[in-house]
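I opened my notebook with a pocket in mind and a chain contact to follow. Here is what I looked up, entry by entry.

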Amino acid sequence: MQVAIASGKGGVGKSTITASLLYFLKDKYRLIAVDADAEAPNLGLLLGVEEWDKEREHIGAKVARINTETCVRCGICYERCPYESIYIDEDGNYVVNELTCEGCNVCGLVCPVPGTITLEQARSGVIRKATTKYGFPIISAQLDVGRPESGKLVTEEKEWAKKLMDELNLEHMIVDSAAGIGCQVIASIGGADLTILIAEPTPASLSDVQRAYKVVQHFRQPAYLIVNKADLNPGFTALREWAEAEGIPIIGEVPYDRAIPKSMAMLKPVVEAFPDSPASKALKEIAERIAEEILG
Amino acid sequence: MQIAVSGGKGGTGKSTVAINLAVELARRFKLVLADLDVEAPNDHLLLGVELAGEEPVNQFMPKFDYSKCTKCRKCAEVCEEHAIITLKDGTPFLMPNLCSGCRACEIVCPVPGAIQEAFRVIGHTYVTETPYGFTLVTGKLREGEERSMPLVVEAKKRARNLNYELLMVDTAAGTGNTVSKAIEGSRLLIAVTEPTPLGIHDTELILKLGKLMGLKTWVVVNRSDLGDVEKVREITEKYGAEVVAEIPYSENIVRSYVSGRPIVLEDVPEAKIFRELAEKVADFLGGDE
């Protein structure tokens, strides 16, 4: 089974909760973890990964380059770039800003001088694999800064993970997705059997998890909800009301607990570092429910 | 002039810093705040305002006139997103979700009128007057759409068309090209981080981006009592940046966050940190001219 974990909003505890759930579920299932936040990957850190045993460069991005020798400075590329990624430098040369170029090649197509603008392959980042000290493998990625299309890296990660699942006869893939609802998250949720949403009881988190849920609905998947920092904001009932109205089962609530940031500093899942803390007890119950009701 | 608030990792408090700085700086500058976290825009919620002035962001997509199409396949060949597929005989079809609206297909099509202009709404921009003396511009990607870049570009354009002295942009999490698009043109980059190992890891990435873009970069350490600020300082110095403020974990900030009322408006110690930071920013901007 492939389970995606998403939240819309960043920093609500996706990776913390994912690491803890993996810690419990590893005893019962043969798992693989995928950190699908290619722009800010943290799951490996939380699982204590220090070295990666394999690393692949991913050459997927494309960037335009302008040959200033043959450029006639007509400015058509500058006018036509859909993303305003061409600028004029101090010497009057037209230059592509590689940190914002989407690689669509419109500049190359409109340029009147053949060969002046070329679309070149560029490294978009790396994909890595490690075996965690808990025995299960993890696939992670790192987009190079300023590169487009982190979704493609996530798709590559999941392909690698699927291959490993076949080779190692693994049962479940747990995908920790990025913040937001764009290409990385769509690549994370697409192809999953179900998504576990994580939200905290604040207006911002509610707004963002509602948007993430629309993506889940788009893929016609079942969704579940974990409420993190559940006691943060006692008067705020809108999150639970929304889940109920949408028929999204709440599989558990995790209280705000200072043990969590402490465990993060130790680079350990909270359930390992502070097994008796209130958050850890709640996470253990949630893992048991996931085993019973979802993974079977 | 423009400044940016970003941070690498999600949930470090970018929006909290952005809105509080905006409220303070609006006392000194005619200010526009642009929420360019188009996948999860929240500044309006933190400011307790309802989004207003909605405008759709229409993205070009090709519409084939099959009576004119010669089935030459050039449109499909040139599409970097592989959004156009062709049947065996060369008849093109569009997969709208993959289309980035770049018009490459239209440019190469040899038959006038065979590709016609169609549009689809990929999201919205908003212009909201806040009760705090500044204007908020928000970009919001439609759910199910993959590409946030066009929304960032449009929202930023809409903000730039307003009348302001200081444009402040609040970016998404991460360090991909939509974040660099949002930051582009800034005189100062303020990176909000937290002193956990994860926060430090992601701070390094945003510092790298700031350096690549040649930007003056400041670091604000949020929840500074939850980790080792010295480590943040080390990494910050390595990139020629500096730590300019530390904000301890605070129930007051959580309450203000939840209630949609900026904390700089309250008479609490935390408000002072934001006021001092705003002053520092104002001094920097003023002194730089």
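**Entry 1, the pocket.** I began with the lining of the second largest pocket, where β3(B) gives the largest share, five residues. I took strands as DSSP runs of E, at least two residues, and helices as runs of H or I, at least four, numbered from the N terminus. This is a predicted model, so I kept in mind that local features need pLDDT of at least 70 and side-chain atom pairs pLDDT 80 or more, while totals for chains, interfaces and linings use all residues. Residues are numbered from 1 along each chain as its sequence is written, chains are lettered from A and ligands numbered from 1 in the order in which they are written, and side-chain values use heavy atoms, without hydrogens and water.

The pocket holds about 340 Å³ of space. Its 21 lining residues include Pro82(A), Asn58(B), Gln59(B), Gly101(B) and Glu154(B), the closest to its centre. For the record, a pocket is an open set of points on a 1 Å grid over the protein atoms alone, where a 1.4 Å probe fits, with protein on both sides within 12 Å along at least five of seven lines; lining residues have an atom within 4 Å of a point. Points are joined across faces, edges and corners, and the volume is the space filled by probe spheres set on them.

**Entry 2, the chain contact.** How many residues does each chain bring to the contact? I noted 59 from chain B and 61 from chain A (heavy atoms within 4.5 Å). Together the chains bury about 4900 Å², 58% of it on carbon and sulfur atoms. Buried area here is the accessible area (1.4 Å probe) lost on putting two parts together, summed over both. Glu80(B), Glu143(B) and Leu198(B) supply 13% of the area that chain B buries against chain A, more than any other three residues.

I counted six between chain B and chain A, taking a side-chain nitrogen of Lys or Arg within 4 Å of a carboxyl oxygen of Asp or Glu. Glu143(B) pairs in this way with Lys214(A), with closest N and O atoms 3.7 Å apart. On the side of chain B that touches chain A, α7(B) gives the most, with eight residues.

Over all chains the structure holds 36 salt bridges. In one of them, Glu55(A) meets Arg128(A), with 2.9 Å between the closest N and O atoms. Glu55(A) sits in strand β3 of chain A and Arg128(A) in strand β8 of chain A, so this pair ties together parts 73 residues apart in sequence.
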